[in-house]
Amino acid sequence: STCRGDGKVLKPDRPIMPLESCFSRGVDPASCHKYSTYSDLNGLGRVFYIFMDVPGPLQLDEVMPKGHRAESFAVYDWYSSKVTWLNSTNFTLSAGYEGHGFGMLSPVVGGWVFIGERAKLVPAASLRFKQFTNKHGLTVQVAGVTNEQLEVCAAEMQSGLLVCKQVSFQVSGTTEIEFSSTTVAFI
């Protein structure tokens, strides 16, 4: 699904483009079927989305500007729901049921990596997720519309657990959810 309950499209903040490596390696961008885009999330930073027609290994600098530390990001594989904590500048997306690779590169904040709505093609759209704070883990301000029900997920770095919370909106507005070490203790 790609829409919110009122029909508004949950989309990234930038149109999809070929990876920089398509240009820097002298490959014709028309034949390089590796793409990325991103969502800028207030208080969290930039979440990157990566699509590969033929999945395989990638370098961190093919997706994001140089200067980011690899250990401050994790990769979420959309097809397998697997979270991989980066400890080098290399990572791999695996093929899904269609043979393509689709993943998300998300920053680690407060020991948590935000995944968002796993069922959406853009799991961390800025239209949905308004603000992030890091007081006792990761607090997320979520926007929704009347009668909408969501599942919002994050993964805890220490345990590796993927934690999902249900959010219901009786009326349109925002609500906050928190992912913290006490969340993991009760799973």
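A: Start with R128 and E148: both are buried, where buried means under 20% relative accessible area, exposed over 50% and partly exposed in between, with a 1.4 Å probe and protein chains only. The model is a predicted one: local features need pLDDT of at least 70, side-chain atom pairs count only at pLDDT 80 or more, and totals for chains, interfaces and linings use all residues. Residues are numbered from 1 along each chain as its sequence is written, and side-chain values use heavy atoms, with hydrogens and water left out.

Q: What do R128 and E148 form, and how far apart are the closest N and O atoms?
A: R128 and E148 form a salt bridge, with the closest N and O atoms 2.9 Å apart. A salt bridge here is a side-chain nitrogen of Lys or Arg within 4 Å of a carboxyl oxygen of Asp or Glu.

Q: Where in the chain do R128 and E148 sit?
A: R128 is in the loop between strand 9 and strand 10, and E148 is in strand 12. The two are 20 residues apart, and the pair links distant parts of the chain. Strands (E, at least two residues) and helices (H or I, at least four) are DSSP runs, numbered from the N terminus.

Q: Which residues are joined into one network with R128 and E148?
A: E117 belongs with R128 and E148 in one network, joined by salt bridges that share partners.

Q: How many salt bridges does the structure hold?
A: Five. One of them pairs the side chains of R118 and E151, at 3.1 Å from N to O. R118 lies in the loop between strand 9 (112-116) and strand 10 (129-133) and E151 in strand 12 (residues 148-156), so this pair ties together parts that are 33 residues apart in sequence.

Q: Are R118 and E151 buried, exposed or in between, and what are the values?
A: Partly exposed in each case: R118 has 24% relative accessibility, and E151 has 29%.

Q: And what about R4, what does R4 form a salt bridge with?
A: R4 pairs with D6, and their closest N and O atoms are 2.6 Å apart. R4 counts as buried at 12% relative accessibility, whereas D6 is partly exposed at 40%.

Q: What does the side chain of E156 make a polar contact with?
A: The side chain of S159, at 2.6 Å. A polar contact is a pair of N or O atoms within 3.5 Å; within protein, one must be able to donate a hydrogen and the other to accept it, and residues adjacent in sequence count only if both atoms are side-chain atoms.

Q: On to cysteines. How many disulfides are there?
A: Two, a disulfide being a pair of cysteine sulfur atoms within 2.5 Å. One joins C22 to C32, with an S to S distance of 1.9 Å. C22 is in helix 1 (residues 20-24) and C32 in the loop between helix 1 and strand 2 (34-41), 10 residues apart. Both C22 and C32 are buried.

Q: Left-handed or right-handed for C22 and C32?
A: Left-handed, because the torsion about the S-S bond is about -60 degrees.

Q: And the disulfide of C153 and C164, how far apart are the sulfur atoms?
A: The sulfur atoms of C153 and C164 are 2.1 Å apart. That link is right-handed, with 110 degrees about the S-S bond. C153 is in strand 12 and C164 in strand 13 (residues 162-169). C153 counts as buried at 0% relative accessibility, whereas C164 is partly exposed at 28%.

Q: Last topic, the core. How many residues has the largest nonpolar core?
A: The largest nonpolar core has 35 residues, and F114, L138, V140 and F179 have the most contacts inside it. Strand 12 gives the largest share of this core, five residues. A nonpolar core is a set of buried Ala, Val, Leu, Ile, Met, Phe, Trp, Tyr and Cys residues joined through side-chain atoms within 4.5 Å.

Q: What else includes L19?
A: A second, separate core of 17 residues, which also includes M52, L60 and L93.
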